[in-house]
Amino acid sequence: MIPVCRLEDLPAGDSVRLDTTPPVAVFNADGELYAIDDTCSHQDASLSEGWLEGCLIECPLHAASFDLRTGRPTCLPARRPVRTHQVYVEDGVIHVLVASATGATGDGDASAAGKGSAA
Amino acid sequence: MRAVIVVGASLAGLYAARELRAQGFDGRLVVIGAEPHPPYDRPPLSKSFLTGTADEDRLALADEEETAELAAEWLLGTRVRALDARGRTVVLDDGRTVTGDGVVIATGAAARRLPGPPLAGVHTVRTLDDARALRADLTRGPQRVVVIGGGFIGAETASSCAVLGHDVTVVEAAPLPLAAQLGPQMASVCAGLHARGGVALLTGVGVAGLRGAAGRSVTAVELADGRLLPADVVVVGIGAIPNTQWLAGSPLAVDDGILCDDGCVTTLPQVVAVGDVARVGGARAEHWTSATEQPRAAVRNLLAGHTVESAHSLPYFWSDQYGSRIQFAGHRTSGDIARIVEGSSADPGGDPTAGARGGGLLAVYERAGRTTAALAIDCARPFMKARRGLAADRAAELAGV
């Protein structure tokens with residue numbers, strides 16, 4: 001489990017990037033917390049710098065869009081999903097449980113999509 | 001419409017094929033490509049592919065599943081030689097013909113070359129085969145590399161060569177590279193990235209020719225002022241020419257690209273053109289984003305039989321060089337004033353050798369109090385907001401608001 005930041009430091013609509021390998025992005029989408037791999041599966045770009053709308057994050061380079069709940073791309077040019085990771089809030093601090101590199105291939109299994117509530 | 005021919009199997013051609021199926025066309029679909037390779041993405045060729053961080057499998061634009069779903073007949077490694085007078089039959093190089101009710105032309109553009117006999121060690125960076133050949137030369141130990149042309153391809157290639165440890169010089173005929181695209185102020189900031197990457201930039205001097213015995217390797221680049229730059233590898237990045245030669249004698253109007261209306265429709269309603277080869281509504285854009293956006297309107301108009309949708313979108317391009325990401329959106333014209341609204345021009349890109357990125361900068365271009373364009377260096381999130389604002393303004397303008 002990796003501590004991210006205090007809950008109040010990630011307001012709705014905001015995101016934060018963890019310098020893990022590979023980097024992970026944590027989003028507060030209207031009060032729901034999500035974590036996905038930060039690097040767009042199309043080309044090297046940081047999704048934490050993208051445009052967040054509802055549960056969709058648009059890549060800042062080529063406008064590929066991903067569903068934060070599943071990691072699946074919702075439009076081209078991305079064709080591969082990004083991995084999703086579980087998010088917990090403990091004692092007011094957001095934590096991410098990074099999916100193991102071998103176990104989670106980012107196949108978009110919604111049950112593996114970590115969702116924490118910021119509400 | 002029972003059969004559509006897509007001439008060109010690169011980004012725009014593939015997106016046209018996708019749009020045809022997405023918009024309900026279920027007839028015969030023939031895609032003709034001059035290169036032997038299935039559709040691949042070109043932007044990484046001068047960057048991650050050249051430096052070896054991305055391999056060919058990362059360049060593929062469609063996987064097997066999607067290719068199967070498209071249910072197209074692929075004629076790869078096949079050049080076209082003519083379009084018949086009715087614009088329905090395409091003549092292949094070997095004399096065979098393919099006939100359809102509709103034609104999408106996506107033949108792209110070819111790298112402009114320097115005159116003179118071919119010399120080993122001289123490269124362009126346009127196709128996968130170009131990039132493979134350059135990569136092979138660059139893996140033979142440290143080399144003196146001269147890049148002719150300081151545009152985006154030249155700068156990206158110079159940056160990649162520097163990363164690989166080569167001794168790199170960029171020669172640019174204009175007083176400042178990229179000034180036509182970015183304006184003098186921001187072009188000057190971008191020119192500064194070369195020095196930061198350890199690359200020499202010579203500006204305001206043209207190239208007189210290449211030195212080297214015919215059929216042998218290049219030895220030097222001769223400048224217009226008589227100077228000689230010793231070189232083992234030369235990269236020529238002096239622009240591209242739209243691939244329209246095969247249309248000579250066809251009814252299509254051609255003038256630096258195929259002339260199209262706002263909806264990518266040519267002078268024949270059953271022929272549309274997209275991507276680098278198309279001059280849409282008076283402008284030709286050699287941008288990845290145009291190649292992916294134009295096919296939607298082009299295919300809609302092709303299937304409708306006349307122009308029902310225009311392909312206007314906000315121009316957008318990006319470039320990665322010396323560890324920095326440059327993004328530009330909008331319509332800048334000469335005289336627009338650039339104003340830095342975030343960050344500073346002092347050190348926008350940080351220090352690539354230390355792997356550190358600077359704070360980045362966002363500049364907006366203004367004319368008569370209106371924002372016309374935006375440029376960012378390592379400033380993706382604010383740029384995205386600015387780009388969306390520009391797109392909204394443009395949509396309102398087109399709607400006549």
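1. Conventions. Residues count from 1 along each chain as its sequence is written, while chains are lettered from A and ligands numbered from 1 in the order in which they are written. As the model is predicted, local features need pLDDT of at least 70, side-chain atom pairs count only at pLDDT 80 or more, and totals for chains, interfaces and linings use all residues, with side-chain values resting on heavy atoms and leaving out hydrogens and water.

2. Chain A. The secondary structure comes to zero helices and ten strands, where helices (H or I, at least four residues) and strands (E, at least two) are DSSP runs numbered from the N terminus. Buried residues, meaning those under 20% relative accessible area with a 1.4 Å probe and protein chains only (exposed is over 50%, partly exposed in between), make up 49% of the 119 residues of chain A. An unreviewed UniProt entry places "domain: Rieske" at residues 2–96 of chain A; UniProt positions are in the numbering used here, feature names are shortened, and annotations may be inferred rather than shown by experiment. Over residues 2–96 the chain is 0% helix and 43% strand, and the end C-alpha atoms lie 5 Å apart.

3. Cis peptide bonds in chain A. Most peptide bonds are trans. Another cis bond links A:L76 to A:P77, with omega about 5 degrees, and A:P77 belongs to the loop between β7 (65–67) and β8 (84–90).

4. Helix α7 of chain B. This helix (residues 179–196) has 18 residues, yet its end C-alpha atoms are only 19 Å apart, short of the 26 Å that a straight helix would reach at 1.5 Å a residue; the expected span is 1.5 Å times one less than the number of residues. α7(B) bends by about 90 degrees at B:Q185, the bend being the angle between axes fitted to the seven residues ending there and the seven starting there. Among its buried residues are B:A187, B:C190, B:A191 and B:H194. Just after α7(B), B:G198 takes a positive phi of about 80 degrees.

5. The cavity. On a 1 Å grid over the protein atoms alone, a cavity is a set of points where a 1.4 Å probe fits but cannot get out, and lining residues have an atom within 4 Å of a point. The count comes to one cavity of 30 Å³ or more, and about 30 Å³ of space lies in the largest cavity, volume being the space filled by probe spheres set on the grid points, which are joined across faces, edges and corners. Its lining consists of B:G150, B:P177, B:L178, B:A187, B:C190, B:A191, B:H194 and B:Q321, and α7(B) gives the most to that lining, with four residues.

6. Positive phi in chain B. B:L178, one of the residues lining the cavity, has phi near 65 degrees, a positive value in a residue other than glycine. B:L178 is found in the loop between β11 (167–172) and α7, and it counts as buried because its relative accessibility is 8%. B:C264 likewise has a positive phi, of about 70 degrees, although it is not a glycine; B:C264 lies in the loop between β18 (258–260) and β19 (271–273) and is buried, with a relative accessible area of 0%.

Note on methods: 1 Å grid on protein atoms, 1.4 Å probe; cavity = no way out; pocket = protein on both sides within 12 Å on 5 of 7 lines; lining within 4 Å.
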